[in-house]
Every structure is written in C-alpha cells, then in structure tokens.
Amino acid sequence: MKLPRKMVDDYLMYITSIELEDVDDPLEEMSVYDTAIDSMAYRARAEGNLDDLQLALDSLISDPSGRLSQFFGTGYPFSENELVEVLTYACVRIWPAEPVSGPGEAMPVEFVSPVEP
Amino acid sequence: MSSENSNPPDQSKYEWICSLFSGMKLGVPSFLSGGGEFEDEVERQENRAAAMLDIIKPLRIDESIPATERQSLLDDIDSVRNAASANPLNKEDLDNVAPIVARLPYEVASASDRLEKRRLDIAAHKNDAEDLPTPMHALDSEIAALQMLREAVAFNPSGELTDDMVEAAAAALFALQEKTEEVAEAATKREEKRATLDARLVRLVPPISATGKEVLALLKAVGLERKTLATAEEMQQIEASEIEIKKFEEKISEINELNAARIEAERLLSDARALVRSNSKTLEAECYEQANKMLGDAAAKIDNAKKVSGYDAAKMDIAKIGPWLTKAAQYYVYMIEWRYKSTFYIQSIVPADNSSVQKDIAKVKIKAMEEWQKTLLTDASALARAGKPDQAKQKLDEFYSGKTQYADPQSGVTDVAVDAAKNIKALQLADAINDFASTALDTVKQIGKLGLPEPTDMYRKQYDAAKRRGCDKAEYDDAISDLTALKAKMADYQTVIDKYLEYVGAQAVPAVASAIGEMETELRNENFAGALGKLTALDATAANKEAAAYASKRAALKKSVVWLLRNMDGGGKATLQEPWDEAETEASHVDKMSTLSSVESLLPDCRTLVDARREAESLKAKLDASDTYSMLDAAEAHRSGGRVAEAATAYQDGIAGFARLANHTTAVANLTRTRDALPDKHSALKLAIDETLTEAQVDALAQRWDDADNKLRAVLDDPEAKAQITLIERFDLRCKKLERTKKGVLKLLQENATKKRVEEPWTDALDLAQNHKYIEASEVLDTFEPLLAEARAYAAAATRARRALAAMDKIATKVPSAAASIYALPNDKAKLDNDMVEAERDAKVGDYVEGKKKFDAICLAAQDGMKAAATAVEDLEGGHYVEAHGPGTTPEQQKTRLLTGVRPDGKKVPTNTASQFNDIGDLLATREMALETAASKDPRVTGTTVKTGEGLEVIVETDLPLPVGESFQSDTPKKEYRAGEFKEGRTFENYEHVPGLTRVFTKLIFVFDNPHDDKRLLTFDKARTVYYNAGQTPPPDRSPAEDWPGSWVVHQHYPTPKGFDPVTGEYSS
C-alpha cells in the first residue's frame, strides 16, 4: 500500500516531538506517552485517517529498519528500537483488541510523497 | 552593300565563273589569257576586254566589303577597267590584268562573306551575353559592372566591322562570363557566410548561469546583429558581423567556462559535503566543525570567485578535505575505543570501604580522573583537528601511562584507577553486560510486546540491579552470577515464547485459550518448563493444532483484509469478502485453510488495486482529463465486474497514461506558447507548429503518445523555437521564484495602497508575457525584483512590529502585572502606536526603505517590552520556549544541548535538534500566527473546554515567508556509558549548523482548570484525581455533567529544522 509520508509524519510528530526531562530510559514509564498517543489518534480520527494510521504504525513496527528514521522528530532522540516500542505501546493503546504484527507480518506499506502531474 | 551581294559568297558564284571558262585549267581562264582560237588578234583582244568588263561590271564595292579591303579591290577593278577600255587595246596590259580579273569576283565575295561572319559572330556574342543570367543575390555594384560588360559585348559600331572588333566583342563576352561567374561565386559565398553567421547567431543561447540582465543584453544585441547581418551588402560588413558574433560566442563561452568551473567546483563541494556528512558518524564534534569550516571556506571561495583561477583555488582546497577526513576518522575510531576504556576505568574507582570518607575520596578521584580525561580529549581533539591524528592518539595514550604524566591532586588516584582498569573481574562484568544486552534483552522486550507475564519492567529491573551491583558496589562476581542466572531464565522464557508464537492469535479456540491461561500462570511462577508443557500438550490434539493454525492464519490476515474491505467497493470488494466469510463456514480444516489461502493470494492484487485506483483518481482529478481521455474506463469496468487483477493492471496502465498525458500537455503548452511568442517573420514556423499541434492532438487522442511526442519534439528542436523556449522558460522560472516571495509579502502587507505597488509591476510583467513580449516582461521583472526585496524587508519588519505589539497588548491585558514593564517609558503604548502609523504612511507613498527603518526602530524600541511580554506569557502558560529557544540563548548553549543534553534553561532535556529564534519579535509574531493556524485546523483551541477522551495536544507547523531562526542538529548519537552499559546515547558527537529556518513547530496543550492550579499537562484521569484529592467532584462527574474547563496554551514553540534542506533553503514537505 502507498500512504502519504507527510500525513504519517504529521501524526507521528505527536510522539516524536516529545521532550523528556532527565529520563535515562524512555521505556521505563510508558504512560508518559498516553496524552500524545491519544491526541494523535484523536486527530487522525477527526481527519478520517485512523485506518491509515493503524496501517502505517503496524507496518513500521513490523519492518522498522531503514524506514522509521524518516519519521524521527525534533524531540527526544529515540533509537529505532525504542521508537518501535513506543509505537507498539501506541497501537495496543489505540486498538487494544487488535494484535500488533510481528516482523514481516504486516501489510506492506510504502510511504510516498504526493505525485505531481 | 548591294542586294545581290547581301549573301555571303557561295558556290553558285564560282560555278558561274567556271561555266564561263569551262574546260580551262584552274588559274587564269584561257580567254582572259589571250590564248584560244581567234583568228583575228584584234577581235580576240576586244572580246577578251569585253569579257573582262562583263566580269567586273556586277562587282559592287560597297559597305558589304570591309573598308580595309575596299580600296584595294577598287584599285584592281580600275586597273582592269583601264586595261579593258584602252583604245587600242594592249594585249600586254590585258595579260597583266587577266589574273586580277580571275580572282576579283572571288575576293569580292570572300570579303563580303567575312564581314557577314563578323556581324554574325558579334551577334552570337551578344546573344551569349544576353543568355548569361544575373547571379542571385548580386549586389548593385556588381550588377552595374556586369551591365557595362554586356554593353561592351553588344556594342553597335557606326563604322566598319573589323576583326579587331569581333575580337573585342569576344573578349568582352569572355570577360562578362568570367565576371558573372565571379559575381555568382562571390554572391554564393556571401550568402553562405550570411546564412552560417545567422545560424550561429540563432544558436547563441544565453547560458543558464547568465544573469537576467546579461540574458536580456545578449538577446537584444543578438537581435540587432541579426538585423545588421541581414542588411549587410559587402563582405566586409558581413565579416565585421562575424567579428561581433565571435565576441558574443567568446562572451558566452567565457560565461560557460566560468559556469563549468563553478559547477565543477560546486559539484566537488557537494561531493565533499556528502563525504563529510557520510563521515559525520566517524568524526567527533570538533573535527566535524573543522570539516564544516573547511567546506564553508571553500564555499566562500566559490562565491567570491570571479575567474576560473578562483574556482581552481577552491577546488584545491576541497581536494584537501578527503584526506583530512580519513585521518580524522582514524583518530575518531581510536578515540571512541579510548573513551569507552577510560570511562570504564574511571567508573571502576570504588570506595575502599563503605565509610563516608572513602566514598568522598572515591568521588574526588573520579572527578579528578574525569577532568583529566576531558583535558586529554580536548588536547587530542585539537591535534586531530589540525590534521595530526598520530599525535592526537599519543595524547590519549597518556591516560594509560598516567602514573608518570598526571599530576594527581589526590595521591594515589591514578594508581587506583589504573589498577581498577586492570581488574579482570571488572572487564568480565563489562563482557557479561554486553552479552546480556545483545541476546537476552530481546527476550525481555518481547515479553512486553506480547503482553506476557511477568511485565517487562520486572526483568528490566532485575537486569539493572545486577549491573548496579557490579558497577556501583564492585561486587563483580555476584553481579556476573546474577546476570548469568537472568540470562538462563530468559533463554527458558524464550523457548516458551517460541512455542507460544505458534498459537498466538488462536485464542478463539477454547482449548488454546485455556492452555494459554494456564501457561501464563506458570510463567508468573517462573515455571518455564510447566508453561512450555501446557502448550506442548496442545500439540497432542490434532483438532487443536488445526483450529489454532486456522485461527492464527485468520488473525494474521485480518488486519489486511479488513483494511482492504474498507477501501474497496463494488465487485472487487465482493471478490474478497466472499471467500473471507466462506472460510468461517467451511466444514473441513482443509477447506478452511484452502479458502484462507485463496484470500491471501487475492491480497496483493487488492492492494495494488486500491493503491493504483487512489493514484489514478488523484491524477485524473488533477489533469481534469476524464472526458476526452477515457483512460480509466477499462479499469472501472473491471473493478465493477469484480475482476481485481485486471482492474489493478488497468489502473496502473491508466497511471502510466496520465503520466504520458501530463508530459504531452506540458509539451503542447510549451509549443503553443512558443508559437504565440514567435515574431511574425517566422510565419512558416508558426504554420508548422500549428500543423504539428493538430497532428499531435490526433495522435494523443488515439493515445499514440510516442508519435505525438516525436512530432512535438521535432518542432521544438528548431533553433528559433528553442531560443524562444529558453526565453519563456527563463521567464517562467523567474516568475515561479518571485511569485512565492510575492505571495508571502502580499500576505504580510496590510494596506491596499502598499499592496498595489507590489502588484502593479507584477501584473504588468504577466500582461506582457500574456501578449508574448517576454523580453519586455523580463525587463519589468528586473525592476520588480529589487522593489519586491524592499517590500519584503518592509513587510517582515512591519509584521514583526505589528504582531509583537499585538502580542504585547494581548499579554498586557491577560497579565496586568506585566503591563507596566511592557510599556515602560519612553516606549509607552501611545508612542509605539503613533510610530506604527508613521511607518505605514511611508510605505503607502512608496518608500519601503524608510518604512522598514521606522519599523525596525519600533522593534528595537520594543525589544525590552517584547522580552518582558514573552517572558510573561511563557510564565502564564507554563511553557519553556523563550528560555529554551528564545533569541536570548546563545549558539553555544544550543550546541551544548546537543553535545550534553542540557537545555539553555539548565534542564537535561536531550534532543537531536536545538533551535532558536533570531529575534524576540519573530518569536511573538510566529506564536500568534501559530495560534491562528491551530485554530484553523482544530477550532477547539479557541474554546475553553474539552470533552472526556478528546486529544489534549494540538501540533501545528507554520510556514513563514522569511527565516526566523537557526538550528544545530545531529544524527550521530554518542555512545554513552550508562548504568554499566555502553549504549547509544541521548547526546551527540557532533552537530551541523542549519540557518535560515522558515517553519515553526508549535505544540498547544490543554491545561485543565483545577483546584491546585497545576499548569502541567494532565491526563483526564490525573485531572480527575486532582479534583478528588481536593475534595471536589470533577466536572464530568457532576450532575448535570459539564465539559472539562481549561484553556489551550502554547507549550512548545521553536523554529524546526525537520525536513529542511540548507542548500535549497526549502523543506522537503
């Protein structure tokens, strides 16, 4: 599937722009991401893109290597693994009844820039 | 000449004489010679004389005889007549004239013939001369010369025709022929030269690198030269044109050479920049900065280069960067290893016992060692930066021989540290930690991800505790033992996980759900063998395995299928929905799995269909080509019919068709505009373009894109068309660049009169372009560009001032206590408002420069007020953007944030970017703009309540027409030694400076009104708790329930470098 990179970036920014103060391990207390995750989901739902957001998150969690870094933000400098953990937590929080895909299990997604004719 | 002799002598005349004297030998006839058979001598002589007179009688010596011969013949006739008329006749006289009589008729006839021949010869020359055409393109002077020669050939003599005259006519004809050839050759050469030079002129396309003025000057000069060339008569003039053309060519060549040198230098610089970036992870900050400085110096040389030699100098500098990087990178690798080691050694300094004294001593030792480590690192970095990596390594090595080189403030510190470094147990601990981190830690993470007991936290804490035991307490053996045991436990857990993964997703099967429940209980008791047993028991029952396999597969497919069903419609949706539903109702396991497999096999086509359809529809909408080019008809028919694969392929074909249509449309538009812009004298080319456009349109409608493109391309390759296209493209490119700025400026300008001054020349330029006067339109842009720059600066200053004052007003209202400091004299509100009016007045009358000066003065005067305002609003909102990103921070502080994680406000908040505003007015102004942007995206931010479950954060990015800040950023995290473990850090080895940011990131948060006036971002649960803790009922729990009251405030606000390309100055999205 192809999803607009900018759209996904705008949503993930809620997480990737988080600034964490004096935190040694960003995965120690996952609830710090709750508000950001809820706000991200709220906006995606309001804009009718919640399905696409789920698809994007599932795909990035399943196959983050070399793909997740394009969404790194200006906040806490998460490593790729850490961000995968946070996104996994986000998926479980937003869609508690739906399992997160394992490596290579997610629907293939390509993040694209808008096509200009 | 008599009529009888009008004809040239012919055989009949001779026949007449011969018949008269038939039977005689050639020579003198016998009767003339006096011989014969006459008896009477007198009679015979008389007859003889009479015959002679008869012979000469018809001979006419007139104009038909050439004048030069006429007298001689008359003399001969007279002598014959005298001899034949004598009385008495004298035989001897008659004998003497007899030969004359014999030859006279012939000579007369022959002379007459010669004259006729001369006449005919001259006539032939004349005819030949008339047949010679005047060469094409002959000059007037040449035509005159040819005319003279023609007249010479066709002369009409008043006197006799002589051989000399015939020769003269022949010579004149020859001369005329030669002259005609000469003229023809000269004219051909001249026209060929003219055509060649004209072609050279047409090919003179201004180089891309030329400035607008250079382009216009060149185009004008070329146009003028073409006129001169077209009207030049003499070869000299044409050759003079050639000299001018050479000058043009040299000028273009010079620009091209300079351009080539610049491009080459910039390419090398770009390569070097990429090299530096790609090496950024193998360079330390100081070296990276040095590398950037070298790049910057080279870039400056390129910018300042006026000649090729200048670019060559820059290239030489660039060439030095690569080798320098290699050395610096070698040093970096060594330095990283050294830092790991030295840090581990320092961390190995532990108190001799648990007493506070020993603990203090250990602290002092550690601090001293850390300072020494830092000093060595700084010195080594300086050496590395200077390109001396070997010496830098030696400097670092001093750490290992610290006993002799380090002046220890605390006796024995170095000894302890170095001894600790040699402690084999400490090193073993490090190995154990690394081993666990690289193997068992994944199991810890997997437990959390799968939601299995025990929670990740528990094992993570056990791991951390083991590390602390070793690192903090130097209980190396115990720590290693703990880690080994925990690793073994994780290995057992992993075995259970591997088995569990076979059944994950199959909880719908009761037996599986039950076994998993029991497994979880065993896991909580850390009975891994028992947990594994519960799962392996499932294997014994085939039905369980089958049900689990089906449930797992269905769960794995569900997400894709559901998503696709939501995004598909019509027959295609049914094609997927039917087997998906059928799988549930199939009786046998084989059928169930088979049906799911058929669903699985449908998925790729379904995905392609959804993607291709989305893209095709989007392109179709953008191209608005639905009516004429029915490229999606087939795809839509397939889709409706449920033929997924065919529909997917047809949509992809449609996408390809749209792409080709887009190219075609662009080519047609280019050609149409070129045609319109061509001067009238190119009517033939215009006609050709019209015909081509028509033919190409026919091809395009039949979707023969290649044919259409080839036709268009053939015309577009015409030199004249190319030159025109270049001109148009240049104009378009310039317009595109200017339009963005203009839009931004107009958005910022408030007064109509001021806007009009910007809009008028722009509209004029576009009008001229609309009328295909691109040169004139470009000239208008020449004057528009500086005007726009002035207006831009003015608008920026005005906006800064206006928004800053507005923000100050707002804050003064909201924070009355700040009002006094905001409007402290002499910059009280009335004065500032008055200054604003005056500044705007300047712009209205067209003086942007003066207006800007006044706005700048207002901003300057308002700086203190704005600082007070910004701080006041930040305090009010509980944000941190002024302290952390305000212009009051220094670049050094921002760099420090990257390198150490410490924000300018002193808090440790690491990020990989650290940015700041350049101006306090910009900060306030962009804050106001961001609020407007946020309100347009999420109207809730203008309200004072939220509903339970709604988002409590709103993030917006606002694009600005002008740079407002700069940033330092990095993607090279420093390996850090944290809690006994070296891992990717939150701080960075180096940084990149990114100026000119034109986008701001803003995060608004909803702050709940609450009994404790807590300004932090709270969750709904926490807000509820705050109310209950204060003995109050939260608003939604009240009866009747209310929305949560509160307000939206700016929490984060800074210029963002995300996606910013410093080279182009633009964001990628």
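User: What makes the pairing of Glu615(B) with Lys2(A) a salt bridge?

Analyst: The closest N and O atoms of Glu615(B) and Lys2(A) are 3.4 Å apart. The cut-off for a salt bridge is 4 Å, between a side-chain nitrogen of Lys or Arg and a carboxyl oxygen of Asp or Glu. Thus 3.4 Å passes, and the pair is called a salt bridge. Keep in mind that the model is predicted.

User: How many salt bridges are there between chain B and chain A?

Analyst: Eight link chain B and chain A. Over all chains, the structure holds 69.

User: Which elements supply the side of chain B that touches chain A?

Analyst: Several elements of chain B each give at least two residues, among them α17 (440–450), α18 (456–471), α22 (542–567), β6 (981–988) and β9 (1044–1055). α24(B) gives the largest share, eight residues. By type, that side divides into 26 charged, 16 nonpolar and 12 polar residues.

User: What is the size of the interface of chain B and chain A, given as buried area?

Analyst: Chain B and chain A bury about 4700 Å² between them. Carbon and sulfur atoms account for 51% of that area. The contact takes 53 residues from chain A and 54 from chain B. Across the interface, 23 residue pairs are in polar contact, both residues being at pLDDT 80 or more.

User: What makes Lys6(A) and Asp10(A) a salt bridge?

Analyst: Their side chains meet at 2.8 Å, N to O. The limit is 4 Å, so the pair qualifies.

User: Why are Lys6(A) and Asp10(A) separated by about one helical turn?

Analyst: Because Lys6(A) and Asp10(A) are four residues apart in helix α1 (residues 5–16) of chain A.

User: Where does α1(A) lie on chain B?

Analyst: α1(A) lies across β3 and β8 of chain B, at about 130° to β3(B). Helix α37 (residues 920–937) of chain B lies across β3, β8 and β9 of chain B, at about 120° to β3(B).

User: How do you know that β3(B) and β8(B) pair?

Analyst: Seven bridges join β3(B) and β8(B), in the antiparallel sense. Pairing requires at least two bridges, so the strands pass. One example is Val956(B), whose bridge partner in β8(B) is Thr1002(B). The whole sheet is open, with four strands in the order β2-β9-β8-β3 (chain B) and antiparallel pairing.

User: Why are β2 and β3 of chain B called edge strands?

Analyst: β2 (945–946) and β3 of chain B each pair on one side only, which is what the name edge strand says.

User: What is the strand order in the open sheet of three strands in chain B?

Analyst: The order is β1-β4-β7 (chain B), with antiparallel pairing. Its edge strands are β1 (913–917) and β7 (992–997) of chain B. The twist averages 20° from one strand to the next.

User: How many bridges join β1(B) to β4 of chain B?

Analyst: Five bridges join β1(B) to β4 (residues 965–969) of chain B, which run antiparallel. In β4(B), Gly965(B) is the bridge partner of Phe917(B). Helix α36 (residues 891–900) of chain B packs on this sheet and touches β1 and β4 of chain B, its direction making about 160° with that of β1(B).

User: Which peptide bond has an omega of about 5°?

Analyst: The cis peptide bond between Asn87(B) and Pro88(B). Pro88(B) is in the loop between α4 (67–85) and α5 (91–131) of chain B. Another cis bond joins Ser1039(B) and Pro1040(B), with omega about -5°.

Technical notes:
Residues are numbered from 1 along each chain as its sequence is written. Chains are lettered from A and ligands numbered from 1 in the order in which they are written. This is a predicted model: local features need pLDDT of at least 70, side-chain atom pairs count only at pLDDT 80 or more; totals for chains, interfaces and linings use all residues. Side-chain values use heavy atoms; hydrogens and water are left out. Contact means heavy atoms within 4.5 Å. Buried area is the accessible area (1.4 Å probe) that two parts lose on being put together, summed over both. A polar contact is a pair of N or O atoms within 3.5 Å; within protein, one must be able to donate a hydrogen and the other to accept it, and residues adjacent in sequence count only if both atoms are side-chain atoms. Ala, Val, Leu, Ile, Met, Phe, Trp, Tyr, Cys and Pro count as nonpolar, Asp, Glu, Lys and Arg as charged, and the others, Gly among them, as polar. Axes are lines fitted to C-alpha atoms, for helices over the stretch in contact, and angles run from 0 to 180 degrees between N-to-C directions.
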